[in-house]
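Trainee: Hi! I'm new to this one, could you walk me through it?
Mentor: Happy to, let's look together.
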Amino acid sequence: MSQAKVDKYKQQKQNRKNPQKKNKVLAKLKKIVPYALTAIVVLLILGYLGISVAKQTGCYTPPTEPRSYSSEEIQSMRQVLIQATDPNVQYTTAKPEKQQQTPAVSKKVPTTKKSAKK
């Protein structure tokens with residue numbers, strides 16, 4: 001063998017590990033990707049079936065526009081919640097600006113004596 005062939009063989013031998021590692025990674029990806037895609041498709045189909053069954057049985061109703069309630073309806077709902085002893089219910093419906101404001105209790109803050117320099 002000539003020296004050029006020997007050098008070429010040595011370079012090929014050094015570079016053999018890199019393509020083999022890349023091939024192993026690609027082989028693993030080729031095995032994993034179909035399973036992942038199949039799982040995604042199955043989940044989408046199950047989700048679609050679940051939503052369609054829920055709509056047909058009446059368990060799911062799509063969201064509608066927000067409804068405004070009259071003051072009488074609000075009062076009746078509040079009374080129901082008060083009777084159920086819901087702790088989150090406020091007992092007054094007045095807006096904060098209409099509520100009677102109690103005078104704030106002022107705390108006595110000790111004053112610090114500053115020495116007067118002359």
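Trainee: How many salt bridges does the count come to?
Mentor: The count comes to one salt bridge, meaning a side-chain nitrogen of Lys or Arg within 4 Å of a carboxyl oxygen of Asp or Glu. This is a predicted model, where local features need pLDDT of at least 70 and side-chain atom pairs count only at pLDDT 80 or more, while totals for chains, interfaces and linings use all residues. Residues are numbered from 1 along each chain as its sequence is written, and side-chain values use heavy atoms, with hydrogens and water left out.
Trainee: Which residue forms a salt bridge with Arg67?
Mentor: Glu73 does, with the closest N and O atoms 2.9 Å apart.
Trainee: Is Arg67 buried or exposed?
Mentor: Arg67 is exposed, at a relative accessible area of 52%, whereas Glu73 is partly exposed at 28%. Buried means under 20%, exposed over 50%, and partly exposed in between, using a 1.4 Å probe and protein chains only.
Trainee: New topic: how many helices does the protein chain have?
Mentor: There are three helices and zero strands. Those are DSSP runs, numbered from the N terminus: helices are H or I with at least four residues, strands E with at least two.
Trainee: And why does H1 lie largely in the open?
Mentor: Of the twelve residues of H1, zero are buried, so H1 lies largely in the open. Across the protein chain, buried residues make up 3% of the 118 residues.
Trainee: Where is Leu37?
Mentor: Leu37 sits in helix H2, residues 17–57.
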